[in-house]
Amino acid sequence: MAEILQYVHKDGLFHRMHPGTKLFFILVIGIMTILSLDIPFLCALLGAVLLLALAGNILREVLDQMKLILVMSVVFILITLVTMPGGEVLFSLLPGGFLPVTTGALNAGITLTLRFAILIMAFQIFVISTQPRDLVNTLEKMGVPIDYNLMFLIALRFIPTLQVEAKKIHEAQLARGYSTGNGFVGRIKSVAPVMVPLVSNALSRANVLGITIDMRGYRTRKRTPFREEKFNTVDRAFAGVLGVALAAYIAAAVLQVIG
Amino acid sequence: MITLENVSYRYQRGERDAVSDVSLAVAPGECIMVTGPSGAGKTTLCMAASGILEHEFEGEKSGRVTINGRDAKDYPGLPEIAAHVSLVFDDPEAQLIFTTVEEEILSALERRGLSPAEIEERLSSILEITRLGTLKDRPPYALSGGQKQRVALAAALALGTDIVILDEPTAELDEEGTAGIVSVLLDLKAHGKTILLTEHKYSHFRDLVDRLVVMEGGRFRAIGPPSSLVDDRSVAEILVPDFSGIRRMFPAQSANAGDPVISVRDLDYLYGDVPALAGVSLDICPGEFVAIVGENGSGKTTLIKHFIGLLHAARGSVTVDGKDAKATPVSELAHSVGLVFQNPDHMFFADTVAEEVMFGITNLGIPHPEEVLEKALSRCRLSGARDLYPRWLSRGERQRLAIACVLAMQPKVIVLDEPTTGLDGRESREVMEILKHLQGEGRAVVMVTHNHQMAAECADRIVTMKAGRVVSDTRTVA
């Protein structure tokens, strides 16, 4: 099973970087992705992110989420076909001219998919290469309150636990003759036998988790700096390149608006 | 040290005191083990002794708790108490916050005002004492239950307290995991730590325990050195399961009574490219009581999942009640095979015990549902609990409810994965008696367990697995 959004212990370019640099990386990629509507540019950006993953020795881990991205892309394109028709009609999905596939809708769907893929993959690079402890420490230094910090940490930490547990619950209910229902109402109804145990078990865990965090002094006591990540040459170089790229991008965008 | 003087506590909306007028003094360097049936108040006692009741729980409290000479009330909060007492709970998953073993331990070490050199030194000594050195970069999801619990213990040790309180630390662990915890605790005791522990598995902790407390209904039934208590029969049956006479409840049916209900031939199964089962062949006949024993990872659970089509053979065949398990949907196989998983909390979702049992009956369209429901409840001694909320039942009752849910689906074979996990001696015996009754009705019972003693005393046939193979298949002598 592919573990969604987890730190992977490895050695690589991104693993050696300071979490702050990687946060800057996400920020720059995020800005470029959200401001851009140009498909060739988004493709180039996606290529650059994948090349960086390759350079960081984590391409395989980043590509683990391809399935999710492909599923989402189909959903996005279907939604835009229905909601944003425009441009020329290429063909129809259903006979009799129903569900026409238009160039405008395709364009919008592909743009959405590319943006989604770039953001997911950039975030993947960050999470795969950053120990949560370093992340918490960095965010703490940046002034993010420790409670919000812990919320983020715990959300990441429990994704695989919930995945494993959901599978066990699903199997237990299958053995009781459970089947996913038919039709919309049936489907909604069939969620309860899996979701109720999953949520109840998670809630009963919250109490112990809270006590554990408090007893470790995580919310109250000051931390001794230990094995701190330092900004090194790689960080400076990478941050420099990102800065230049962002400046160039903004300059180009401004020129386009003025011109 | 910790003292409790006449402590009583009633949870908000509780109908009776969870602990009632208990007094206990835990001396420095002493190890006290508290045991008793589920619902006896053991967890509440841990919460009281660690000051958590005082600071985190509403409800009616009386009496006095002191921790290292200071009243628990006078500590400002849990972080200050944590300088004296550390805690380990039964669910290892809930105590791991980070994504590698080392981070988990560091998270506690870094908040104690130590110098970096001291942190480094303690980290390596804790990794050594808990035998986690080779696992230090692993994420929680890549650890076994026993390893996770050792990480929770390591993080507790990182707090550097003299007193360690453990609430059923081995409840969810197998033999190997339990042994790992016991050996770490023996080391800690040798280092002079004070240990207060609640447990069911007295026989595993024999060498550790100075004093034993037996609780029932919120009170201390007996307290003293183990040697003075184990002779009391009513105490002994809680401490160590007594399965005597179980096998003779019903005479074992003559072997091969009829055609096999489950027939496994040359079964291979791979997880990814790791072989989990290799060349397994096995027949299970009506009226048989079979125990499948073996260590963690020997393939026991993988094998039984094939019986109901949750896993499909890579090679070989599994025939269930004349049907090819590979080609038959799970919902169809559920008519023939009932599977009770290890953790009952993975199945409960309804508001009442009766609704929970009805789920399977309705799914399979069993005739005379009301009658079947009543029979399943009474067989599992739950008739009085039919309107209760399943998750509020005791561990022993929840296990029996899980069996009732599967039983009500009227399978020809009932398969149980570690049915006595987390149960005390008496509750374990109750489960075995239910299984014996089912065998008496002509059903086949298959029980997966790592408890060789229980297998030898209750089952008529023992199948031993090792590294994905059946290494022996013998009949026990009645």
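## A walk through chains A and B

The crossing of helix 13 and helix 14 of chain B is right-handed. Keep in mind as you look around that this is a predicted model.

**Stop 1: side chains between the two helices**

Now show the side chains where these helices touch. From helix 13 of chain B come B:Ala354, B:Val357, B:Met358, B:Ile361 and B:Thr362. Facing them from helix 14 of chain B are B:Pro369, B:Val372, B:Leu373, B:Ala376 and B:Leu377. Colour this contact by class and you will find nine nonpolar residues, one polar residue and no charged ones.

**Stop 2: chain B as a whole**

Chain B holds 17 helices and 20 strands. Its C-alpha atoms fill a box of roughly 70 × 50 × 40 Å along the principal axes. How does the radius of gyration of chain B compare with that of a compact globule? For 478 residues such a globule would come out near 23 Å, and chain B has 24 Å, which agrees. If you colour by confidence, chain B averages a pLDDT of 91, and 98% of its residues score at least 70.

**Stop 3: where the chains meet**

Bring chain A into view beside chain B. Here 49 residues of chain B are in contact with 46 residues of chain A. Which elements of chain B supply at least two residues each to this side? Select helix 2 (52-56), helix 3 (78-81), strand 6 (85-88), helix 4 (101-109), helix 5 (116-129), helix 12 (330-333) and helix 13, where the tour began. The side of chain B that touches chain A has 30 nonpolar, 10 polar and nine charged residues. For the complex, the predictor gives an ipTM of 0.87 and a pTM of 0.82.

**Stop 4: chain A as a whole**

Chain A has 10 helices and two strands, and along the sequence they follow the pattern α-α-α-α-β-β-α-α-α-α-α-α. The C-alpha trace of chain A spans about 70 × 65 × 30 Å along its principal axes. Chain A averages a pLDDT of 87. Where in chain A is confidence lowest, and where is it highest? The lowest mean, 73, is in helix 8 (residues 183-189), and the highest, 94, is in helix 2 (residues 39-55).

**Stop 5: helices 4 and 5 of chain A**

Select residues 66-83 and 103-129 of chain A: helix 4 and helix 5 pack at an angle of about 150°, with their axes 8 Å apart. That angle makes helix 4 of chain A roughly antiparallel to helix 5 of chain A. Among the residues in the contact are A:Phe76 and A:Ile77 of helix 4 and A:Leu112 and A:Phe116 of helix 5. By class, this contact of helix 4 with helix 5 in chain A has 12 nonpolar, four polar and no charged residues.

**Stop 6: helices 6 and 7 of chain A**

Finish with residues 132-141 and 146-174 of chain A, where the axes of helix 6 and helix 7 come within 10 Å and cross at roughly 160°. Helix 6 of chain A is therefore roughly antiparallel to helix 7 of chain A. A:Pro132, A:Val136, A:Leu139 and A:Glu140 of helix 6 meet A:Ile146, A:Asn149, A:Leu153, A:Leu156 and A:Arg157 of helix 7. This contact of helix 6 with helix 7 in chain A divides into six nonpolar, one polar and two charged residues.

Note on methods: Residues are numbered from 1 along each chain as its sequence is written. Chains are lettered from A and ligands numbered from 1 in the order in which they are written. This is a predicted model: local features need pLDDT of at least 70, side-chain atom pairs count only at pLDDT 80 or more; totals for chains, interfaces and linings use all residues. A crossing is left-handed if the near helix is turned anticlockwise from the far one by less than a right angle, and right-handed if clockwise. Helices (H or I, at least four residues) and strands (E, at least two) are DSSP runs, numbered from the N terminus. Two residues are in contact if their C-beta atoms, placed from the backbone, lie within 7 Å. Ala, Val, Leu, Ile, Met, Phe, Trp, Tyr, Cys and Pro count as nonpolar, Asp, Glu, Lys and Arg as charged, and the others, Gly among them, as polar. pLDDT is the predictor's confidence in each residue, from 0 to 100. The radius of gyration is taken over C-alpha atoms; the globule rule is 2.2 Å times the number of residues to the power 0.38. Axes are lines fitted to C-alpha atoms, for helices over the stretch in contact, and angles run from 0 to 180 degrees between N-to-C directions. Angles under 35 degrees count as roughly parallel, over 145 as roughly antiparallel, 65 to 115 as roughly perpendicular and the rest as oblique.
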